[in-house]
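I opened my notebook beside the model today, with the sheet, the domains and the chain contacts on my list. Here is what I looked up, entry by entry.

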Amino acid sequence: MSEGPIVSGKDPRFVRTLYAQVGKPSSWTLDAYLASGGYQAIKKALQMAPDAVIDEVKKSGLRGRGGAGFPTGLKWSFMPKNTGRQHYIVCNADESEPGSFKDRYLMEDDPHQLIEGMAIAGYAIAATKGYIYIRGEYRRAYDRLMAAIKEAYEKGYLGKNLFGSNFHFDLYVHRGAGAYICGEETALMNSLEGLRANPRLKPPFPAQAGLWGMPSTINNVESLCSAVHIIQRGADWFASMGTEKSKGHKLYQVSGPFKRTGVFELPMGTTFRELLYDWAGGPTEEIQAIIPGGSSCPPLPWNDETLDTSMDYESLAAKGSLLGTGGVIGIPASVSMVDAMRNITRFYGHESCGKCTPCREGVSGWMVDLFEKITTGQGEKGDVEVLENLLNQIEGRSFCALADAACWPVRGSLKHFRDQYVDLVEQKKAVNRTQRWS
Amino acid sequence: MGFFDDKQDWLAEVFSMYPPEGRRSAVMPMLRKVQEHEGYISPERQQEIARILGTTATEVAGVMSFYSYFQALPAGKNHIQVCATLSCALAGSDELWDELVQSLGITRGEVTPDSLFSIQKVECLGSCHTAPVIQVNDEPYVECVTKVRLRALLEGLRAGKKLSEISLPGKSGHVVHERGDEASI
Ligand SMILES: Cc1cc2nc3c(=O)[nH]c(=O)nc-3n(C[C@H](O)[C@H](O)[C@H](O)COP(=O)(O)O)c2cc1C
Ligand code: SF4
Ligand code: FES
């Protein structure tokens, strides 16, 4: 195991960085951060030209960890140069995709890591101001971030002339108030500007006209934290982990009936088997499917083929699913797959912003109603086809990706678990809900 | 007297977070502040916020209604939010909800006669590994909510204790596994 790229958390060459401090006593304080080597990467970055910082991130192969996997260095390079205008770096800390909870612990237990990442990104794209848009429910993370920002200002790690350079950087935290759509980058900007959080038309892209019309870049919490270690340890270190097109390490999350649910930092390309058995301790009851990367990702059946799939962008796409945020949810065999999809559809229906018809009427109206009908034993012959037809009408025709995100899991469930739908409809059976609370 | 009359310093600090053209960004922090103090945001308060921001009350109401956290009607002293999304549902959040409805004698939109409790279903709180999860007001989460833990929580809240003062039996959540061989929650 000591040659070739690192694709297993058990490889002795693998070192954890993102979550190295999480769970340790007082890990969120500046003292603890400095003791673990914090604020060295920003010093190093400030000695480099901004473009060299961008190149290093490009070379690392880091792809955005917010779900879409867009190359981070490339995104930074889209920012215009020498505009003389205010640029902004925005951190997407809205983390609302069901099954995802990795960003919360990054902020609760290692807020200085994120502050450092924001400063590095800010320096690279000439943004002297940064905003962290944090979901409103994350109270402990908010408190710790605010305390950390205060500490950083007191030490001169934020504010004017960072570490003796001529780079100034101010950082603010804006709290959300419970709306999943605020995670969509243009909706997030509207929310931050004090408007209803409807997504904006693209183009213009944020790099041209973002927050208050100024050039802006939005990155996920984990992406920004990863940049710290890429600068610190070098692009080659990062690229020594993972697969050909999915480099580095990632925070995978496990929920559902497994022995040890939680967050696991592993190299890209680790298999589901390693994650779910070696790290999460295996299932505690019979499982029929996993949702591989947060609720918007099509479910895959629980079998050897799925378990031996490598957790990276390409391998999951090849299986007809997505890596998403890396939030794995196990669905027990005793629960109806249709009922699980009803829950997810209800979620997207509730979170639709109502701006466009396919999503407002199609997801919130038709899809939610149809799932209610089928799962309560009122389904009729042809309903499964109606559902499929709906998916065809909605997918790819909505204003933003929320409606697509609502369709993907349902489509995946129809591909692998169609018989469960047909069974409910033909037998006019209501789903069987077993007691699951103790 | 206006709610913000004696909070000018706080307001100035909020405005300082945003550029001059971005005064309107203060609307969410202001709504939050009112709700923290009064439990909900009355039409008068919405009007006051609109006046300070130089916009209309309709605009403020429009923003307010977009977010599930902001309440237009009085809530209980302890507003209990139950996560209803998939991982929590798989851990029995529906039954947890039914138990709350039964033991408090209220449902969504209602407040107990002693004004102590109101309940709401919310979507994924970002703690799916410690399902089922609930949040009381704006406090850190109560995780791995079993029947025993729920009973202890309600008892503590009824006795007027703060969330942080209530000791809940059993597993407590907030565990991040670093290694596969680590003990379970
Ligand atoms: C409906 C919707 C919800 C989203 N929610 C989040 C989120 O909670 N957190 C996040 O980082 N990205 C979210 N995204 C993706 C963002 O729009 C954006 O791509 C991402 O923040 C970019 O950061 P990255 O390149 O570092 O991944 C969401 C996208 C959509 C369409
Ligand atoms: S797809 Fe849904 S969330 Fe996105 S703009 Fe349309 S209505 Fe709003
Ligand atoms: S599903 Fe309840 S916290 Fe995620």
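**Ground rules.** I take two strands as paired if DSSP finds at least two bridges between them. Helices (H or I, at least four residues) and strands (E, at least two) are DSSP runs, numbered from the N terminus. This is a predicted model, where local features need pLDDT of at least 70 and side-chain atom pairs count only at pLDDT 80 or more, while totals for chains, interfaces and linings use all residues. Residues are numbered from 1 along each chain as its sequence is written, chains are lettered from A and ligands numbered from 1 in the order in which they are written, and side-chain values use heavy atoms, with hydrogens and water left out.

**Entry 1, the sheet.** I started in chain A with an open sheet of 5 strands, which has mixed pairing and the order S6-S5-S9-S7-S8. Strands S6 (262–267) and S8 (300–301) of chain A stand at the edges with a single partner strand each, so one side of each has no neighbour in the sheet. Next I looked at strand S5 (residues 249–255) of chain A, which runs parallel to strand S9 (residues 327–332) of chain A and is joined to it by 3 bridges. A:Gln253 is the residue I found opposite A:Gly327 in S9(A).

The bounds here come from an automatic or database domain assignment. Chain A is divided into domain 1 (30–239), domain 2 (249–332) and domain 3 (337–427). I then asked how far apart the centres of domain 2 and domain 3 of chain A lie. Taken over C-alpha atoms, the separation is 23 Å. Their contact (heavy atoms within 4.5 Å) takes 13 residues from domain 2 of chain A and 14 residues from domain 3 of chain A.

I also noted the buried area, meaning the accessible area (1.4 Å probe) that two parts lose on being put together, summed over both. Domain 2 and domain 3 of chain A bury about 970 Å² between them, with 70% of it on carbon and sulfur atoms. On the side of domain 2 of chain A that touches domain 3 of chain A, the elements giving two or more residues are strand S7 (287–291) and S8 of chain A. S7(A) gives the most, with 3 residues.

**Entry 3, chain A against chain B.** Here 71 residues of chain A are in contact with 61 residues of chain B. The two chains bury about 5200 Å² between them, and carbon and sulfur atoms give 55% of that. A:Ala177, A:Arg196 and A:Trp437 supply 16% of the area that chain A buries against chain B, more than any other three residues.

How many salt bridges did I find between chain A and chain B? The count is 3. I looked up the one in which the side chains of B:Asp138 and A:Arg139 meet, at 3.5 Å, N to O. Helix H14 (residues 337–351) of chain A gives the most to the side of chain A that touches chain B, with 7 residues.

I counted 7 helices and 3 strands in chain B, and along the sequence the pattern reads α-α-α-α-β-α-α-β-β-α. The assignment gives chain B a domain 1 (8–66) and a domain 2 (78–184), with C-alpha centres 30 Å apart. The C-alpha trace of chain B spans about 55 × 45 × 30 Å along its principal axes.

Notes
Salt bridge = Lys/Arg side-chain N within 4 Å of Asp/Glu carboxyl O.
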